[in-house]
Amino acid sequence: MCKSIFKLLSGNPNTQKRTTNSSISLISILGSIFSLLLLVRIILVNTSTRIYTPDFKNTPGVEYYDLQNYKGNKNGWQMGDRIVFCVPLRDAAEHLPRFFRLLNNMTYPHNWIDLTFLVSDSKDDTMGVLLDNLKSLQSNKDKTKIFGNIEIFEKDFGQIIGQSFSDRHGFAAQGPRRKLMARARNWLGSVALKPYHSWVYWRDVDVEVIPDTIMEDLMHHDKDIIVPNVWRPLPEWLGHIQPYDLNSWKESGGGIQLANTLSDDAVIVEGYPEYATWRPHLAYMRDPSGDPEVEMELDGIGGVSILSKARVFRAGSHFPAFSFEKHAETEAFGKLSRRMKYNVVGLPNYVVWHIYEPSSDDLKHMEWLAEEEQKRLEESKIREFYDKIWEIGFEDVRDKWSEDRMQVLKNVDPNKLGRNVFVDWSDTDEDYEQDEENLATESNSKDANNEEAPVFVPEILGEDAKLKADFNPDEV
Ligand SMILES: Nc1nc2c(ncn2[C@@H]2O[C@H](COP(=O)(O)OP(=O)(O)O)[C@@H](O)[C@H]2O)c(=O)[nH]1
Ligand SMILES: [Mg+2]
């Protein structure tokens, strides 16, 4: 039957033409359907993978941010990731010039760094010095060195604890100070963080030495929160260097046990005998020749230099200004962020150096050292003076005399010099004779009175004669 139809179709030319036409239209219909399906598919694929992007170009005053774009890349310096620096300041005038010097040396593209400062409870000219330093920082002729947006906030919190080393580090001061510091940090963080920031960097003003590549060095670890190790230099008499920041640690059984015994409001602080936690501290994990890339998981962290992804704060983590798991401020920030499933990491072999500030005891000791030094100086001055007097009073002229002796004798005719020197006293004047007579009379009378005879010094004369006898003109 197929055969007959084929025959039928191919046999008649009209039928053949109709068949060709209908084939073409069939193909074009199929093509159209295929193209349509393809188009639908493309539309479907595109709409399902791409987020809807509203267009606000024509709506004044609207800013749109797709927050997916600000999640923080591990190579942020190549991706244009914007960082906000948060710097709390109190009585920081003396530290600011150093802070800005270090800031200016940083290798992370300056244009992508925004700076924010919170100035609180300062008795010195922190604000004035801050403004001066910012002015010269931003007047750099090299435009690549100019920083991004700069914001300064001012708010006093009524901090009653002094800013001296010993005031700040006394045990009793710790709880209230840390809670208040937490408030200050939250005030700053909440106004500083903008939607276009990918990273937040917390930095204390009083850092002495820090690698210029600190941002890249911390960022490439790609952690939610990361801190370096913090040590400080010491004067020679205290032993050169010392771990500084004990707030970065890993929780221990001892720490948890201790926390359970404390009241709800208590704040555990490290480095005080009152609170023995036996926690492993990041500071003590340092191996000076160890790999700086080594990471250590942490629970509590210190605040000297924290790099955090912005999303950690966006999600609600912060610096508890109350007792959170018996901690406050940066240590509680670490603990809280861990509870929120963010990773918190420290670098034991990568070190940032905090400045050395003397404690009250150090100051007393230094005062004593200065007094001792003063005493030593005075004594050495007196000794120098006496040495001079001694030299002048008891000058040793023997060498000088042997030189002079030659000078004295060099014009004497050696031929006339004999071993026995004859002294002709005949031309001695009368006065001299008279003197001799007087001397003799005096001597006789003294002898008569049994008094001591005048001392005659034949050795001297003999010495003189010997000198002349020994004289060799060839040696002159
Ligand atoms: N805004 C503000 N900053 C503070 C306050 N106390 C300290 N700071 C700043 O916070 C940072 C850390 O303080 P610091 O006293 O050095 O802490 P320590 O090194 O842990 O003793 C420094 O930059 C200080 O200038 C405060 O009450 N308010
Ligand atoms: Mg400090």
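A residue is buried if 20 or more other C-beta atoms lie within 10 Å of its own, exposed if 12 or fewer, and partly exposed in between, with C-beta atoms placed from the backbone. This is a predicted model, in which local features need pLDDT of at least 70 and side-chain atom pairs count only at pLDDT 80 or more, while totals for chains, interfaces and linings use all residues. Residues are numbered from 1 along each chain as its sequence is written, and chains are lettered from A and ligands numbered from 1 in the order in which they are written.

Q: Is F319 buried or exposed?
A: F319 lies in the loop between α10 (310-314) and α11, where helices (H or I, at least four residues) and strands (E, at least two) are DSSP runs numbered from the N terminus. Its contacts (C-beta atoms within 7 Å), not counting residues up to four places away in sequence, include A182, R185 and N186 as well as E329 and F333. Because F319 has 27 C-beta neighbours inside 10 Å, this residue counts as buried.

Q: What distance separates the C-alpha atoms of F319 and K335?
A: F319 belongs to a loop that runs between α10 and α11, and helix α11 covers residues 329-339. Although F319 and K335 are 16 residues apart along the chain, their C-alpha atoms are separated by 9.9 Å.

Q: Is E329, with its positive phi, buried or exposed?
A: E329 is a residue other than glycine, yet its phi is near 50°, and its place is in helix α11. Since 29 C-beta neighbours lie inside 10 Å, E329 counts as buried.

Q: Is W278 buried or exposed?
A: W278 is not a glycine, but it has a positive phi of about 55°, and it lies in the loop between α9 (253-261) and β8. With 10 other C-beta atoms within 10 Å, W278 is therefore exposed.

Q: How many of the 11 residues of β10 are buried?
A: Strand β10 spans residues 344-354 and is mostly covered. Its buried residues number eight.

Q: Which residues does C86 touch?
A: C86 is named with F85, L89 and V200 as touching the most other members of the largest nonpolar core, which has 68 residues; such a core is a set of buried Ala, Val, Leu, Ile, Met, Phe, Trp, Tyr and Cys residues joined through C-beta atoms within 7 Å. Leaving out residues up to four places away in sequence, C86 touches T116, L188, G189, A192, V200 and W202.

Note on methods: Contact = placed C-beta atoms within 7 Å.
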